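Keep the structure in view as you read.

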Amino acid sequence: MSDRQPLAGSDTHPATSDVEPDGPEEKTPRRRRGLRIALILLLVVVLLGGGGALAGGLYYRSVDKSIERVDAFEGVPEASRPPVAAKGAMNIMILGSDSRDPESTGGSRSDTIILAHLPKDRSSAQLISIPRDTWTAVPKSREGRGGRDAKINAAYAWGGVPLMVQTVEKFSGVRVDNVAMVDFAAFKEIIDALGGVEIDVEKGFTTKYSLIGTRTFKQGRQTMDGAAALDYARERHAFPDGDFARIRHQQQVIKAILDKAASGGVLTNPAKLNSFVRATSNSVAVDKSLSLVDLAMEMRGLRSGNLTFFTCPVKGTGRVGSESVVFPDPVRSKTLFDAVRRDSVPDILAVSGK
């Protein structure tokens, strides 16, 4: 790109807000806008799989039917898609955005992009966060938007879920088998239903973008209710590495939810499990082919200790014209996604340094 400027060696400042789309944004249903803590789908799967007290098929199917379905692959040209994943493996693109974030200026955003790799044996899961400001090629949508380099989350504003599928596939070379989106509205209730979650705050800070105006977090381990956990996972301005700190905190909260759900009596208490799963399922939208019933049974033994979180390799941040963006590391990214395509968990972990 002719307007790309050299990276400063220590430039880890957060990228700015999303690129403006070509033309006015289209309004999207609240449920489709999602939540920044975007792994609630996987949480539902784990809880359903482990919930022996409510393991009846009719219950599973009633929950499955209550979840909204989206046509995630409509108009995605098959000829341009990567090959099908290694036999038995599955790659799920999880999208989330925070439409109630005080900083949000529009609804058609995808603030969180996670490519979740489920290996053939379903004994673990590797979750790769792709920074929302990653500079990459965005294919042209059916409406003629895009067709140029931009921040990766511009694809959602320009062409919805199908264009996000195309963009992530083009960026990674990994075929997206399924898609999940999560709604902001139920987040507080989900954590509050668990009685809060335990979070180890790496560094004390104050956020000015709290649900209550401002909120101060002290360093150390503490119990957070839903509102506090959301504020914790949302903040980026208080940290020199901005969005990268926010990604780390998102991952902390996800693991804390899974740990609390597995150990807090939810799985063995039919009333609690039913309330929790119903609230969660109301916040989830998935593509038309994804069966939560089947996936739940396959992954019923998964716990947070089997999950590995990391961020797609990047060179750092910089500017393209007037935009502050994240530049991916093409060499390390290729190695990572090649390992994903081959379903080689040891190689995936080696790239991430885990």
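We begin with D231 and R215, whose side chains meet in a salt bridge, with N and O 2.7 Å apart. (A salt bridge is a side-chain nitrogen of Lys or Arg within 4 Å of a carboxyl oxygen of Asp or Glu.) This pair links distant parts of the chain, since D231 sits in helix 6 (residues 226-234) and R215 in strand 10 (residues 213-217), 16 residues apart. Helices (H or I, at least four residues) and strands (E, at least two) are DSSP runs, numbered from the N terminus. D231 counts as buried because its relative accessibility is 0%, and R215 is buried too, at 17%. Here, buried means under 20% relative accessible area, exposed over 50%, and partly exposed in between (1.4 Å probe, protein chains only).

Before going on, a word about the model: it is predicted, so local features need pLDDT of at least 70 and side-chain atom pairs count only at pLDDT 80 or more, while totals for chains, interfaces and linings use all residues. Residues are numbered from 1 along each chain as its sequence is written, and side-chain values use heavy atoms, leaving out hydrogens and water.

How much of helix 6 is buried? Helix 6 is mostly covered, with 9 of its 9 residues buried; among them are L230, D231 and Y232.

Searching the whole structure turns up 18 salt bridges. One of them joins R81 and E169, whose closest N and O atoms are 2.6 Å apart. R81 lies in the loop between strand 1 (68-70) and strand 2 (90-96) and E169 in helix 4 (residues 154-172), so the pair ties together parts that are 88 residues apart in sequence. Both R81 and E169 are buried.

Now turn to strand 4 (residues 125-129): 5 of its 5 residues are buried, so strand 4 is largely enclosed by the rest of the structure. A125, L127 and S129 point one way, and Q126 and I128 the other way. In a regular strand, side chains alternate between the two faces of the sheet.

What are the neighbours of strand 4? Strand 3 (residues 112-118) pairs with strand 4 in the antiparallel sense over 4 bridges, whereas strand 13 (residues 307-311) runs parallel to strand 4 and is joined to it by 5 bridges. (Two strands pair if DSSP finds at least two bridges between them.) I128 is the bridge partner of L115, and F309 is the bridge partner of L127.
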